Amino acid sequence: MPDRRERKLFTNLVGGRAEALHDDLAQLGFRRSQNIAYRPACQGCSACVSTRVPVRDFTPTRSQKRVAKRNADLIRVATAPSPRMEHYQLFQRYLQARHAGGGMVDMDMFDFAAMVEDSPVRTHLIEYRAPKADQTPQGAAEIAATPNEERAPRLTTIDDAIACCVTDVLRDGLSLVYSFFEPAQERRSLGRFIILDHIEFARSLNLDYVYLGYWVRGSRKMDYKIEFQPSEVLEENKWVRFQNTE
């Protein structure tokens, strides 16, 4: 919104209560960036709206079912948040194709590693990989069994990651901190698939929600967040059901 100046309220997530504080603040629309929790606090403007998907009520549309089918070959691998050069190169290809004018383009490998690794809460790097043509996948590590300090078993039967998501585990859901994917795989609609898969993943873990961050009405880059219905939005510190009528 070029005619507006952004203002944020933020706090440090430190100490033994960092995870509990993060959970509480998520209920009030806060997001995490490394060890900071923040939310918009702009005077006279409430355009940034926190959104989440209640996974048990979600029903995919025909279009979303087609996206899931196109990506049925992908393997989800939940790992510790330990980025490698492979992830950074994928991240840079994504930024150059989708956000070339943004400030994140200048991030080097150390900046990227800090974005992924510096977390005081339970965080995972979720990879999506395709099986190699001549081998059979042997399975993937599950998020529920992989704490931050442990590395998930590495798979040797799959190709490079074509999509990744930094995902926080809250007491009631999964929070998508940042996702990026291979821009050359546009036909797969990987951004939407990541959300669809996280909804199914949260359901399998008996979690209630998938948190998608902020949505701004009328922003073409953010409209995808409201395609997942039913959804809930935060209004006056209360989560209410939102039905997209556009």
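This is a predicted model: local features need pLDDT of at least 70, side-chain atom pairs count only at pLDDT 80 or more; totals for chains, interfaces and linings use all residues.

Student: How are two packed helices described?

Tutor: Two packed helices are described by the angle between their axes and by the distance between the axes. Here helix 3 (residues 85-98) and helix 4 (residues 109-117) pack at an angle of about 100°, and their axes are 10 Å apart. Angles of 65 to 115 degrees count as roughly perpendicular, so helix 3 and helix 4 are roughly perpendicular to each other.

Student: Which residues of helix 3 and helix 4 make the contact?

Tutor: Helix 3 contributes Met85, His87, Tyr88 and Phe91, while helix 4 contributes Met109, Phe112 and Met115. By class, this contact has six nonpolar residues, one polar residue and no charged ones.

Student: In what order do the three strands of the open sheet lie?

Tutor: The order is 1-3-2, with antiparallel pairing. Strand 1 (8-12) and strand 2 are the edge strands, each pairing on one side only. Strand 2 is joined to strand 3 (residues 36-40) by three bridges, and Ser33 stands opposite Ile36 in strand 3.

Student: How many cavities of 30 Å³ or more are there, and what lines the largest cavity?

Tutor: The count is two, and the largest cavity has a volume of about 120 Å³. Its lining comprises 15 residues, of which Ala26, Phe30, Arg31, Ser175 and Tyr211 lie nearest the centre. By class, the lining has six nonpolar, six polar and three charged residues. Among the elements that each supply at least two lining residues are helix 1 (18-26) and strand 8 (173-181).

Notes
Residues are numbered from 1 along each chain as its sequence is written. Side-chain values use heavy atoms; hydrogens and water are left out. On a 1 Å grid over the protein atoms alone, a cavity is a set of points where a 1.4 Å probe fits but cannot get out, and a pocket is an open set with protein on both sides within 12 Å along at least five of seven lines; lining residues have an atom within 4 Å of a point. Grid points are joined across faces, edges and corners, and a volume is the space filled by probe spheres set on the points. Helices (H or I, at least four residues) and strands (E, at least two) are DSSP runs, numbered from the N terminus. Ala, Val, Leu, Ile, Met, Phe, Trp, Tyr, Cys and Pro count as nonpolar, Asp, Glu, Lys and Arg as charged, and the others, Gly among them, as polar. Axes are lines fitted to C-alpha atoms, for helices over the stretch in contact, and angles run from 0 to 180 degrees between N-to-C directions. Angles under 35 degrees count as roughly parallel, over 145 as roughly antiparallel, 65 to 115 as roughly perpendicular and the rest as oblique. Contact means heavy atoms within 4.5 Å. Two strands pair if DSSP finds at least two bridges between them.
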